[in-house]
Amino acid sequence: MPRTPLSSRATEAQAAAPSPPQGNDMRLAEDVQARLLAVAHRRTLARGESLFHKGSSPDALFGVVSGSLRVSVVAPGGREAVIAMLEPGHWFGEVSLLVGRERVYDTFAVDVTEMAVVAAADFHRLIAEHPDVHMAFTRLVCLRLRQALAWIDDVILMPLPVRLAHRLLTLDARAAVPGDASGSTTLGVSQEDLSFMLGVSRQSVNRQLKLWEEDGTLRVGYRSIELLSREQLERHAATPR
């Protein structure tokens, strides 16, 4: 694994840290990130390169600095189910470190992606010595559990349009690509990615996106979706149909 020491300058650490958490945001507070970045090294992944596979040993904590990662699992028949798309500012891998068990999913770079990598020994030392770091990861694990339970409810109870709207709103909240002057946001996700996330066919996702394209909610691009009206998408998310 290539290693490039992370600069200890405070200005560089601040530049790499995202905004502090708000509501259900999965990002860590800036002071906690600063502690992590101070002991992290950088790793760059090429597009499609794996960070780790299911079953690998928990040897580090990871944070996305730039680019994005696809988190997925593969069924015995070979079908891939995308669990999440991780954008800059998101840290992950803490559960396997805390329980000392192997990884339970695969991760691949969607495009060229820079990672901050904190060795397992450094992570365990930080949570032992700094209660604020320990509490930050306790909160993060609880939010992930809450999100998983909400996802199960969606799969069981909600029709596809509502589930798709919820997924796009979640991706919009994490979006790293700035919107233009009109307030639109570009989501770096393909229709195939969305179909894997929701466990439906790509054709079903395409049909629904085309309907929302017609009413001005969004615009479908190549491996991207431009969200034109979050307000309309929120209405779609709230109205079963």
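Visitor: What is the average pLDDT of the protein chain, and what share of the residues score at least 70?

Guide: The model is predicted. Its protein chain averages a pLDDT of 82, and 82% of the residues score at least 70. Over residues 1-24 the pLDDT is below 50, though the model gives this stretch 42 contacts beyond near neighbours in sequence. Residues 176-182 also stay under 50, with 7 contacts beyond four places in sequence.

Visitor: Why is the pair of Phe52 and Phe62 called tilted?

Guide: The ring centres are 5.6 Å apart and the planes make an angle of 35°. Rings pair if their centres lie within 6.5 Å, and planes under 30 degrees apart count as stacked, over 60 as edge-to-face. A search of the whole structure finds 5 aromatic pairs.

Visitor: What makes this a link between distant parts of the chain?

Guide: Phe52 is in strand β3 (residues 50-52) and Phe62 is in strand β4 (residues 60-66), 10 residues apart. Phe52 and Phe62 also belong to one aromatic cluster with Phe92 and Tyr105.

Visitor: Why do Phe52 and Phe62 count as buried?

Guide: Buried means under 20% relative accessible area. Phe52 has 7% relative accessibility and Phe62 has 3%, so both are buried.

Visitor: What makes the charged end of Arg103 count as sitting over the ring of Phe52?

Guide: The charged end of Arg103 is 4.6 Å from the ring centre of Phe52. The distance limit is 6 Å, and the position must also be within 35 degrees of the ring normal. Arg103 is listed as sitting over the ring, so it meets both conditions.

Visitor: How do you know that the span of helix α8 is close to the expected one?

Guide: Helix α8 (residues 202-214) has 13 residues and reaches 18 Å from its first C-alpha to its last, against 18 Å expected at 1.5 Å a residue.

Visitor: Why are the buried residues of α8 said to line one face?

Guide: The buried residues of α8 are Ser204, Val205, Gln208, Leu209 and Trp212. Seen down the helix axis, they fall within an arc of 125°, so they line one face. An α-helix has 3.6 residues a turn, so residues three or four places apart point the same way. The face of α8 turned away from the buried side carries the exposed residues Arg207 and Glu214.

How values were computed
Residues are numbered from 1 along each chain as its sequence is written. This is a predicted model: local features need pLDDT of at least 70, side-chain atom pairs count only at pLDDT 80 or more; totals for chains, interfaces and linings use all residues. Side-chain values use heavy atoms; hydrogens and water are left out. Rings of Phe, Tyr and Trp (its six-membered ring) pair if their centres lie within 6.5 Å; planes under 30 degrees apart count as stacked, over 60 as edge-to-face and the rest as tilted. Helices (H or I, at least four residues) and strands (E, at least two) are DSSP runs, numbered from the N terminus. Buried means under 20% relative accessible area, exposed over 50%, partly exposed in between (1.4 Å probe, protein chains only). pLDDT is the predictor's confidence in each residue, from 0 to 100. Contact means heavy atoms within 4.5 Å. The expected span of a helix is 1.5 Å times one less than its number of residues. The arc is that of the directions from the helix axis to the C-beta atoms.
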